[in-house]
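Please look over the sequence and structure before reading on.

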Amino acid sequence: MENKKKVIFSGIKPSGDLTLGNYLGAIKNWVKLQDEYDCYFCVVDLHAITVQQLPADVRRRTLEILAIYIAAGIDPEKNTLFIQSHVPAHSEASWLLTCNAYMGEMSRMTQYKDKAQKGGESIGAGLFNYPILMAADVLLYGTDLVPVGKDQVQHLELARDLAERFNRLYSPTFVVPEPYVAKTGAKIMDLQDPTKKMAKSEENPNGSIQLMDPPEVIRRKVSRAVTDSLGVVKFIDEQPGVKNLITILSTITGETIEEIENKYEGMGYAQFKTDVAEAIVSELEPIQNKVKELLNNKTYLESIYKAGAEKANYVSMKTLRKMQKKIGLIPVAK
Ligand code: TYM
């Protein structure tokens with residue numbers, strides 16, 4: 001019998017320009033996993049619109065993210081790269097799962113709680129429901145593994161719960177997916193406030209390195225990154241800023257934390273920061289050049305997301321039909 005590869009699904013939403021956090025916590029791992037798995041990498045545009053976006057920004061970022069996936073080394077021939085809104089089964093499966101989700105479990109999602117606190121009464125209902133759409137994304141493809149950063153693990157637990165509930169209520173339908181969270185780089189922190197995660201939507205632009213930041217901007221941001229007055233390069237909780245920079249360096253170069261600590265012993269922060277900045281620049285610069293090239297070739301990008309949508313539509317519709325049938329919806333007459 002043919003040895004079928006296990007399935008990976010993951011995605012990034014075009015709600016802001018991608019950061020080093022998105023790259024180190026997600027994309028860099030996808031590149032490593034792509035040969036071993038049958039992978040679906042999606043630009044999840046429907047997730048981005050849970051908060052108000054300028055339409056032109058959504059369009060620009062959607063294509064840019066696709067270009068970043070390819071430029072970072074994801075082979076579009078071997079993997080399925082697509083845009084979420086091109087595959088209507090996601091929205092529909094999301095509704096079917098919504099009808100089996102509980103208000104209680106949804107209100108416990110910490111990302112929603114954080115955002116609700118800031119938004120009050122006018123918080124969008126999409127923000128509340130969004131983890132169900134994410135569950136639909138994953139479950140439609142029989143996904144075994146979902147490589148994400150730490151902040152998405154709770155959403156995946158919900159996806160697992162929804163899958164198990166559906167399987168129990170009707171009959172086995174979904175593979176129950178596992179999160180894949182890398183040992184280093186799963187939570188890159190803000191450079192200005194290293195107690196907060198580096199985020200796309202960050203108000204303070206110096207706190208997050210954008211994937212498309214020019215080298216001089218990266219160097220400036222790293223040189224201004226908050227450290228402390230201890231003056232030692234140690235991976236300890238009392239030094240969250242330094243700890244974060246060590247994590248970044250280690251995730252990029254593959255050096256262990258201990259190796260990094262030893263290398264900078266007795267040296268203060270200047271050389272260390274320079275080396276962190278150079279590591280980031282040499283990792284991102286070739287990707288940026290490739291992204292720019294790809295964005296000049298819209299026909300090529302179009303051919304990738306067209307082929308991706310065809311494959312994704314085929315696979316996801318099969319799962320959606322199963323769901324509909326089991327729930328009791330009459331199949332469309334042929
Ligand atoms: P999003 O778009 O916020 O982030 C995309 C990926 O980047 C990771 N990430 C980070 N990793 C390390 N450090 C950080 N500071 C950091 N910030 C973000 C995220 O964990 C994520 O892996 N809901 C998801 C998108 C999504 C999805 C899916 C993911 C929709 N459907 C299905 C996997 C499977 C989101 O908002 O990610």
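## Thr319

Thr319 has a relative accessibility of 12%. The cut-off for buried is under 20%, so Thr319 counts as buried. In this predicted model, Thr319 sits in helix α13, which covers residues 298-327. Beyond its neighbours within four places in sequence, Thr319 is in contact with Leu139, Leu140 and Phe174.

## Cysteines

The structure has zero disulfides. Cys39 illustrates this. Its closest cysteine sulfur belongs to Cys42, 13 Å away. A disulfide needs the two sulfur atoms within 2.5 Å, so the sulfur of Cys39 is too far from that of Cys42 for a bond. Cys39 is also buried, at a relative accessible area of 0%.

## Two domains

Domain 1 consists of 7-185 + 298-327, and domain 2 of 212-292. Their centres, taken over C-alpha atoms, lie 30 Å apart. To the contact, domain 1 gives 11 residues and domain 2 gives 12 residues.

About 1100 Å² is buried between domain 1 and domain 2. Carbon and sulfur atoms give 75% of that area.

How many salt bridges are counted between domain 1 and domain 2? The count is one. Glu283 forms a salt bridge with Lys28, with 2.9 Å between the closest N and O atoms. Two residue pairs are in polar contact between domain 1 and domain 2. On the side of domain 1 that touches domain 2, α1 (20-33) and α3 (55-71) are the elements that give two or more residues.

Notes:
Residues numbered from 1 in each chain as written. Predicted model: local features only at pLDDT ≥ 70, side-chain atom pairs only at ≥ 80, totals over all residues. Heavy atoms only, no water. Helix = DSSP H or I, 4+ residues; strand = E, 2+ residues; numbered from the N terminus. Buried < 20%, exposed > 50% of the residue type's maximum accessible area, 1.4 Å probe, protein only. Contact = heavy atoms within 4.5 Å. Domains from an automatic or database assignment. Buried area = accessible area lost by both parts, 1.4 Å probe. Salt bridge = Lys/Arg side-chain N within 4 Å of Asp/Glu carboxyl O. Polar contact = N/O pair within 3.5 Å; in protein donor to acceptor, adjacent residues only side chain to side chain.
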